[in-house]
Amino acid sequence: MSKIHEINSLDQLAGRRLEWRALLDETRGATFFHSLDWLELYWRHFGQPQGQTLRVLVVESCDEIVGILPLVVRREATRFGQVNVLTFPLNEWATRFGPIGPNPTATLLAACGHLRRTPQDWDLIDLRCVDRKGTDAGRTPRAMHAVGFCTRPEPWQRTGLIRLTGTWDDYWAERPRDLRTRYRGAQRRLADRGHARFERHRAEGYGNFTPRWDLFEACRDVARRSCPEGRSDGDPDWSESTLPLLRDLHETAAACGVLDVSVLWLDDVPVAFAYGGCQFGAFTRTHRGCDRDLGGADAATVLLGGLVRDGFARGNASIDLGAAGTGDDECPWPTNQATSYRYRHFGRSTPRVQALRMRRWMARLSRERQEKLSAAAV
């Protein structure tokens, strides 16, 4: 029979680092955001400063840990007022998340049962970034329903994925002709302006500390110059307010061996970048930008081509382009579109929670009505 240990402070997790890392190696679809290193970083910048409650559920069976489900309770603003939300510790940084360990079904069932039995410090459960049709395979809603939590799948985020199967030549031959033409044109136009050079740095292995702060500053420089005309604050994801988090993230990812940064240089000036992490052969992009005046869309196109080609050369498995990979300009690049889902259960029967539930119900009816009308029109 499974046992649950709930941990509410990082100090209590310090002795479980090796166990967490071992489970991470057995987690299907794991990324840096599943690691204890990320949780510590999250708590330092989001959890403790915002008064969140840490609820890490450790599931044991026969005196061995079979899974971990990290959760936090945080205050979130809604149109009906502030509510306490039980959710994953992500703060919109990841595109996929779930239990850590090789037994996600047992972990989710035990965790949901624990949440049902323990005192309720949340108004609603909101599990986001669930890979419903992939690694999750319906486990999350089944576990919630098994303990009496009512929930429905709701689309959360759509991302573009490039599966790196076969060779670059195979992949490129299957891309639309207009993309190949646009790519060659971008290469020519950049060559007319100077020498374009693609550089990619990837940390290799846990503890291989090569942070390459020069590339970090190059990304920051491009981000400053990537904002629309008339704005002076630069890219909001690389603003002065987020810089402490980005610096800590960069240093931690480098120390964990997952840092992956690509920069496109025009002569000696950085003009585009892709910043993310790579783990188990999967590149997860956290951000990408280009200089609007030096290269612009051409620089972004050449950078992405370099990233994909290099991925094939390194034998990577996939590249996650994030939500930006679903835009009109980038739709020809992905080989797949993936949608993550959220699962919500409304708990306390306060007026604001009831209002949120009613709003979701009305939105669902409207969506279903629109789908029926679209099907009838076809």
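**Charged pairs and their surroundings**

A: With 38% relative accessibility, E19 counts as partly exposed (buried means under 20% relative accessible area, exposed over 50%, and partly exposed in between, with a 1.4 Å probe and protein chains only). This is a predicted model, in which local features need pLDDT of at least 70 and side-chain atom pairs count only at pLDDT 80 or more, while totals for chains, interfaces and linings use all residues. Residues are numbered from 1 along each chain as its sequence is written, and side-chain values use heavy atoms, with hydrogens and water left out.

The side chain of E19 meets that of R16 in a salt bridge of 3.8 Å, N to O (a side-chain nitrogen of Lys or Arg within 4 Å of a carboxyl oxygen of Asp or Glu). R16, with a relative accessible area of 19%, is buried, whereas E19 is partly exposed. The structure holds 30 salt bridges, and this pair is one of them.

Another pair is formed by R197 and E199, whose side chains meet in a salt bridge at 3.5 Å, N to O. Here R197 is partly exposed at 33% relative accessibility, while E199 counts as buried at 18%.

R220 and E240 also meet through their side chains, in a salt bridge of 2.7 Å, N to O. Because R220 lies in helix α8 (residues 213–224) and E240 in the loop between α8 and α9 (243–255), this pair ties together parts that are 20 residues apart in sequence. R220 counts as buried at 11% relative accessibility, and E240 counts as exposed at 55%. Helices (H or I, at least four residues) and strands (E, at least two) are DSSP runs, numbered from the N terminus.

Beyond these pairs, R74, E76, E92, D126, R128 and R342 are linked in a network of salt bridges. Turning to strand β5, which covers residues 124–130, we find that 7 of its 7 residues are buried, so that the strand is mostly covered. Strand β4 (residues 81–87) pairs with β5 in the parallel sense over 2 bridges (pairing requires at least two DSSP bridges between two strands), and I125 in β5 is the bridge partner of L86. β5 also pairs with strand β12 (residues 336–346), this time in the antiparallel sense and over 5 bridges, and V130 stands opposite Y341 in β12.
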